[in-house]
Amino acid sequence: MSDLLRSAMSARLAKLPMDLPPLTADEEAELEDEESDDALGALPGGGYSGLGPPAIPRQVGSNRDTKSKPKPPNPDFAPISGASYFSEALQVAVPARQLDCRVYYTPPKKANGTVLVCHHGAGYGGLSFACLAKELVGMSRGEVGVLSADARRHGKTKSTTETEDEDLSIGVLVEDFVQTLRAVWSDAGAAPTLLLVGHSMGGSVVTRSVTPLLDAGYRVSGVAVLDVVEGTAIDALPHMHSLLNARPDGFDSVEAAVEWHVKTKTIRNALSARVSVPGIVVPSSSASTPSGSSATESSTTAPTGTGGTGSPHAYVWRTPLRSTAAYWQGWFTGLSASFLSARTARLLLLAGTDRLDRELMIGQMQGKFQMVVVPGVGHVLHEDDPTHVAEVLLEFYRRNDRLRMPAKVKGVGEA
């Protein structure tokens with residue numbers, strides 16, 4: 001037992017009755033294990049990457065000892081259906097992209113209203129915006145709608161080809177996003193006004209989608225980027241594999257996956273985690289394992305393939321972040337310039353004031369965009385505090401929603 005732990009235990013024992021028996025050798029060994037589990041270790045990068053949750057030691061549901069008996073599911077972390085958070089869950093055919101895209105949608109009450117279109121970050125899914133969507137619709141009394149979709153290789157979006165295209169480069173993701181919206185609203189003139197919202201990787205996608213949507217005739221009243229900055233994200237990329245080593249390989253149950261996200265504060269809102277996390281893990285029997293894959297975090301790379309499990313866990317990640325490594329640099333390079341040049345109103349929501357890079361600092365001083373720092377949240381700020389984020393987005397929408405004139409203004413004397 002280390003001197004530090006021995007001192008702590010002595011202080012505890014001093015407050016207890018003196019007739020307690022001394023610790024056995026097994027008890028001392030167990031305490032040593034707990035002490036080592038609680039140590040963060042030398043993890044580089046400061047925890048923020050713009051790619052996903054910060055580095056967290058594998059404490060809950062990591063199952064490092066694969067021979068240990070699985071823990072029974074904790075009902076406090078049981079999955080919650082997204083049915084009460086969106087009006088519809090649709091499979092939208094996007095033949096131009098060979099995708100069958102899962103879309104969650106609550107339309108605005110008025111046909112010509114505004115819809116906030118949300119794109120999730122890498123490894124997450126459309127239901128990441130479930131709690132935020134409910135807040136937005138409720139606060140606005142249906143004045144705005146919300147659409148959130150699962151990206152390629154995420155959630156319930158499927159490839160319509162026999163072999164799924166695993167390409168997640170930024171150009172592919174942008175085209176997927178634009179074509180999905182064109183499939184939902186084929187007539188740009190009759191489509192609602194769109195306000196684009198993207199978290200992490202999704203922020204890069206929506207920022208680059210503004211121009212092609214405007215060129216296609218759609219109305220875009222604004223773009224909101226959630227907790228991703230080019231400079232910070234790129235600086236963290238060399239450390240990403242070390243950070244991913246801190247994530248568990250898999251889980252004994254969906255409840256264990258939810259519990260890990262909540263207890264490690266990867267998602268600080270248990271309700272949101274119970275809605276969103278079940279969609280980002282899959283039974284290990286439905287995932288394929290390539291030869292030579294890392295034993296940590298990336299025990300699977302194909303999210304919906306078939307084949308052997310290759311994992312001692314009942315559930316594994318649907319989209320292991322390590323399998324997307326080839327695209328990280330492309331996601332974020334040029335993000336700041338694209339954001340600042342977007343031909344629409346711009347909003348940047350951050351979890352901390354230290355996130356800005358030099359280009360955005362200059363842009364902020366020049367008044368080129370609105371910036372809001374949300375207190376008391378982590379990287380997935382829209383899940384951690386959906387009420388506060390909804391208030392900010394609604395205020396942004398109301399200030400920048402464009403006044404739409406009638407298609408034809410009658411002349412003087414016309415009936």
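Student: What covers the buried residues of helix 8?

Tutor: The cover includes strand 8 (250-251), helix 9 (270-276), strand 9 (281-283) and strand 10 (315-317). Buried means under 20% relative accessible area, with over 50% being exposed and partly exposed in between (1.4 Å probe, protein chains only). Helices (H or I, at least four residues) and strands (E, at least two) are DSSP runs, numbered from the N terminus.

Student: What should I know about the model itself?

Tutor: This is a predicted model, where local features need pLDDT of at least 70 and side-chain atom pairs count only at pLDDT 80 or more, while totals for chains, interfaces and linings use all residues. Residues are numbered from 1 along each chain as its sequence is written, and side-chain values use heavy atoms, leaving out hydrogens and water.

Student: Back to helix 8, then. How many of its residues are buried?

Tutor: Nine of the ten residues in helix 8 (residues 254-263) are buried. Among them are Glu255, Glu259, Trp260 and His261. Just after helix 8, Lys265 has a positive phi of about 65°.

Student: And what percentage of the protein chain is buried?

Tutor: Buried residues make up 53% of the 415 residues. The chain has 14 helices and twelve strands.

Student: Switching topic: at what angle do helix 4 and helix 5 pack?

Tutor: About 60°, with the axes of helix 4 (residues 170-184) and helix 5 (residues 201-215) 9 Å apart. Axes are lines fitted to C-alpha atoms, for helices over the stretch in contact, and angles run from 0 to 180 degrees between N-to-C directions.

Student: So what's the word for how helix 4 and helix 5 sit to each other?

Tutor: They are therefore oblique to each other. Angles under 35 degrees count as roughly parallel, over 145 as roughly antiparallel, 65 to 115 as roughly perpendicular, and the rest as oblique.

Student: Which residues of helix 4 meet helix 5?

Tutor: Ile170, Leu173, Val174, Phe177, Val178 and Leu181 do, and their partners in helix 5 include Met201, Val205 and Leu213. Contact means heavy atoms within 4.5 Å.

Student: Last one: which residues touch the most other members of the largest nonpolar core?

Tutor: Val117, Trp185, Leu196, Trp331 and Leu348, out of 54 residues in that core. A nonpolar core is a set of buried Ala, Val, Leu, Ile, Met, Phe, Trp, Tyr and Cys residues joined through side-chain atoms within 4.5 Å.
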